[in-house]
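Welcome, and please open the structure in your viewer. We will take a short walk through it, one selection at a time.

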Amino acid sequence: MEWLPTLWFIVIAILWCGYLFLEGFDLGVGMLIGLGKSTEKRKRLLLNTIGPVWDGNEVWPLTAGGATFAAFPHWYASLFSALYIPLTIVLIALIFRAVAIEYRGKAITALTRKAWDLALGLGSLIAAFGVGAMLASTTLGLPLNENGDRIGGAFAWLTWHAVLGGVAVVAFCWIHALAFLRLKTDGPVREEAGKLVGRWLPVAALPMLLWALWVLANNNSTFAWVCLALSVVALIVAGVMGRSGKEGKSFIALGVMLLAAVAAIFVAAYPVVLPSTLDSAFDLTVDNASSTPYTLKLMSIVAAFGVPLVLAYQAWSYWVFRKRLREEHIPETHHVTSIVK
C-alpha cells in the first residue's frame with residue numbers, strides 16, 4: 001500500500017480544487033455585495049444567486065482539513081501550528097460572513113444593513129486572502145526546523161509568496177463571481193458582469209499563473225508544465241467564449257484554468273507536502289508525514305462510498321436551483337410585524 005499516501009495527496013489537492021472552484025464564486029459574490037456599490041434590490045439579487053449553495057460549498061475546506069489531519073498528521077500539525085494566527089482570522093471572517101448572510105435581511109435600519117454588508121464583504125475578502133496565503137505557504141514553504149516547528153515570530157508566515165497566493169485567490173474569486181453572475185442572472189447585472197469579465201479576465205488570472213510559475217521554478221516537472229500550458233490555453237478559451245456570448249463555455253473554461261493551475265502547483269510540489277525554507281532536509285513529504293497504511297486504507301474505503309454521495313447531492317442542488325434570476329424576481333423590501341406580544 002505504498003501508493004496510498006500519494007493517493008491521499010491527490011485527494012486533498014482535489015478537495016482544495018473543489019473548494020476554490022465552488023466557494024470561489026460565492027466568496028466573490030460576497031465581496032461584490034459588501035464592498036461594491038449597488039442598490040438594495042441588486043444586492044438581494046446577488047445574495048439569492050448563492051443563497052441555496054454557499055453553506056454547502058464551505059464543507060469543502062473542512063473536508064480538506066479533516067483529510068489532512070487523518071492522512072498526514074505531521075503535515076497538519078506543522079501547517080496549522082505555524083499558521084495559527086491567520087487561520088484564526090480566517091475562521092472569524094467566515095463566521096462574520098455566515099452571520100451577515102443570515103442577518104442582513106433581518107436588519108431594520110439602513111445603517112445596520114450596511115454594517116452587515118460590510119461584514120459580508122470583508123469576511124469574504126479576508127477568507128479568500130487567508131486561504132490563498134495558506135496554500136501558497138504549503139507549496140512554497142515555511143521556516144520549519146527538523147522537528148517541523150516554525151522558526152521566527154508570529155508573522156513569520158507573512159512572506160511575499162504568501163501575499164501572492166492571497167492576492168491570486170482574491171482576484172480569481174472576484175472574476176469567477178462575475179462569470180457566475182453571467183450564468184445565474186439576466187438583465188443589467190448580466191450585462192455589466194460580462195463587460196467586467198471581458199475587460200479584467202487576463203489581469204485577474206495573472207497572480208494565479210505567477211504563483212504556479214514560482215512553484216515550477218523551484219520544482220521542475222514536465223507534467224506540471226503541461227498542466228500550466230493547459231491553464232493558459234483554458235484562460236484564452238474563456239476570454240474568446242466570453243466575448244462571443246457563450247457564457248456557459250466561458251465559465252467552464254475559467255474553471256479548467258483554475259483546476260489546471262492548481263494541478264500544476266501540486267504536481268510540481270510532489271512529493272513534498274510542506275517545504276522548509278530553512279533547509280530542504282527538513283521538508284515534510286508524503287512518506288514522512290503520512291499516517292499508517294491501515295489508517296489510509298480505512299479512509300480510502302470510507303471515501304469510496306462517501307465522496308460519490310456528497311458529489312451527487314451537491315450536483316443535484318445546483319441542478320434544482322439552475323434558473324436565472326432577474327431584479328424583477330426580488331420583491332420590494334418590507335417589514336414584518338411580529339404577532340408575539
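Select R182 and E247: their side chains meet in a salt bridge, with 3.9 Å from N to O. This pair joins distant parts of the chain, as R182 sits in helix α8 and E247 in helix α11 (residues 247-269), 65 residues apart. Both R182 and E247 are buried. Keep in mind throughout that you are looking at a predicted model.

Now widen the selection to R182, D186, R190, E247, R324 and R326, which are linked in a network of salt bridges. How many salt bridges does a search of the whole structure find? The count is 14.

**Second stop: two pairs that reach helix α2**

Next, select R104 and E40. Their side chains form a salt bridge of 3.0 Å, N to O. Here, too, distant parts of the chain are linked: R104 is in the loop between α6 and α7, while E40 is in helix α2 (residues 40-50), 64 residues apart. Is R104 buried or exposed? R104 counts as buried because its relative accessibility is 2%. E40, at 24%, counts as partly exposed.

Then pick D117 and K43, another salt bridge, whose closest N and O atoms are 3.2 Å apart. D117 lies in helix α7 and K43 in helix α2, so this pair ties together parts that are 74 residues apart in sequence. Both ends are below the 20% cut-off for buried: D117 has 3% relative accessibility, and K43 has a relative accessible area of 13%.

Select D26, which you will find in helix α1 (residues 4-35). D26 counts as buried because its relative accessibility is 0%. Show the side chain of N57 as well: the side chain of D26 makes a polar contact with it at 2.7 Å. Which residues does D26 contact, leaving aside its neighbours within four places in sequence? They are I50, W54, N57 and R97.

Finally, switch to a surface view and select L35, Y84, I85, I89, L118, L122, I126, F155 and L158. Together these residues make a nonpolar surface patch of about 820 Å². Helices α6 (84-103) and α7 (110-140) each supply at least two residues of the patch. End on L158, in the loop between α7 and α8 (160-184). L158 has a relative accessible area of 45%, so it is partly exposed.

Note on methods:
Residues numbered from 1 in each chain as written. Predicted model: local features only at pLDDT ≥ 70, side-chain atom pairs only at ≥ 80, totals over all residues. Heavy atoms only, no water. Helix = DSSP H or I, 4+ residues; strand = E, 2+ residues; numbered from the N terminus. Buried < 20%, exposed > 50% of the residue type's maximum accessible area, 1.4 Å probe, protein only. Polar contact = N/O pair within 3.5 Å; in protein donor to acceptor, adjacent residues only side chain to side chain. Contact = heavy atoms within 4.5 Å. Patch = residues over 30% accessible without salt bridge, like charges linked within 9 Å, V, L, I, M, F, W, Y side chains within 5 Å. Areas by Shrake-Rupley, 256 points an atom, 1.4 Å probe, with all protein chains shown as cover. Salt bridge = Lys/Arg side-chain N within 4 Å of Asp/Glu carboxyl O.
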